[in-house]
Amino acid sequence: AAAGVNAIWGDGGFETTRFAGFATVTLRGGDGAETINLGPGLGLDLDSAAGSPTTYNLTGDNTTGTDNSADVINIDEVPAGVTVNAFGGGGADTINVGGPSLLLDQIVGPVNVDGGAGVDVLQLSDFNDTDANNYVVTPTSVTRTNTGPAVPQVNYTTTETVRLQGGQGADKFVAQPSAATNYEFDGQHQNNVGPGPSGAPYGSI
């Protein structure tokens, strides 16, 4: 590690590690197909208390930027005042926001996703939400607004597919076309309104 940087090398896994007093934490998957979990009890837990890190960088790549394996990054919670940056690296990577809880309510801080090289998927799941939500998808971001907790903008780049799963309420999907990214929508509910057949599983545009 460079001067002023602390590094922990797991090399296949390590015991529970607690830390405080850092502004930024970077978790790197390394070589091979890895799964990085961010959220309560999933692997990397976040804390919004004073003195806790405010930026988390999650990357499936290795230190030399040469890993081409298919990695998975699961982001289940982002507290207020915390920013999460997810980078897939090489390979066909999947970044899940809202899973495995299948709920976007606890995504309170911003999330920035860079799929990297390969054919990558950004998947947002709000399956367990019961509110009537408005989801807006643009070529660079996904936003949810409703009468309950709003989800801040999830920004993305170099991502070939954005897959959005709505909740149990009467949701509305609004999409701005993209030349670089395929959108897939799962409305779930017969009252949902979107660019494809209402309630159709993962209709693509």
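**View 1. Strands E5 and E7 lie side by side in this predicted model and run parallel.** Strand E5, which spans residues 83-87, is joined by four bridges to strand E7, which spans residues 111-114. One of the residues taking part is asparagine 85, whose bridge partner in E7 is asparagine 112.

**View 2. An open sheet is formed by eight strands, E5 and E7 being among them.** Read across the sheet, the strands follow the order E1-E3-E5-E7-E11-E10-E9-E13, and their pairing is mixed. Strand E1 (24-28) and strand E13 stand at the edges, where each has a single partner strand, so one side of each is left without a neighbour in the sheet. When direction is ignored, neighbouring strands of this sheet are turned by 15° against each other on average.

**View 3. Tyrosine 135 and phenylalanine 173 form a stacked aromatic pair.** A search of the whole structure finds three aromatic pairs. In the pair shown here, the ring centres are 5.1 Å apart and the ring planes stand at 20°, which is under the 30 degrees that counts as stacked, so the pair is given that name. The two partners come from distant parts of the chain, 38 residues apart, with tyrosine 135 in strand E9 (residues 134-137) and phenylalanine 173 in strand E13 (residues 172-175). Both tyrosine 135 and phenylalanine 173 are buried.

**View 4. Phenylalanine 173 also forms an edge-to-face pair with phenylalanine 185.** For these two rings the distance is 5.4 Å from centre to centre, and the angle between the planes is 70°. This pair, too, links distant parts of the chain, since phenylalanine 173 belongs to strand E13 and phenylalanine 185, 12 residues apart from it, belongs to strand E14 (residues 182-186). Phenylalanine 173 has a relative accessible area of 7% and phenylalanine 185 one of 8%; because buried means under 20%, both residues are described as buried. Together with Tyr135 and Tyr183, Phe173 and Phe185 form one aromatic cluster.

**View 5. Leucine 122 belongs to the largest nonpolar core.** This core has 30 residues, and those that touch the most other members are Ile75, Val97 and Leu122. Strand E11 (residues 151-157) supplies the largest share of the core, namely three residues. If residues up to four places away in sequence are not counted, leucine 122 touches Ile95, Val97, Val113, Val154, Tyr156, Thr159, Thr161, Val162 and Arg163.

Conventions
Residues numbered from 1 in each chain as written. Predicted model: local features only at pLDDT ≥ 70, side-chain atom pairs only at ≥ 80, totals over all residues. Heavy atoms only, no water. Phe/Tyr/Trp six-rings, centres within 6.5 Å; stacked < 30°, edge-to-face > 60°. Helix = DSSP H or I, 4+ residues; strand = E, 2+ residues; numbered from the N terminus. Buried < 20%, exposed > 50% of the residue type's maximum accessible area, 1.4 Å probe, protein only. Core = buried A, V, L, I, M, F, W, Y, C linked by side-chain atoms within 4.5 Å. Contact = heavy atoms within 4.5 Å. Pairing = 2+ DSSP bridges. Axes fitted to C-alpha atoms, helices over the stretch in contact; angles between N-to-C directions.
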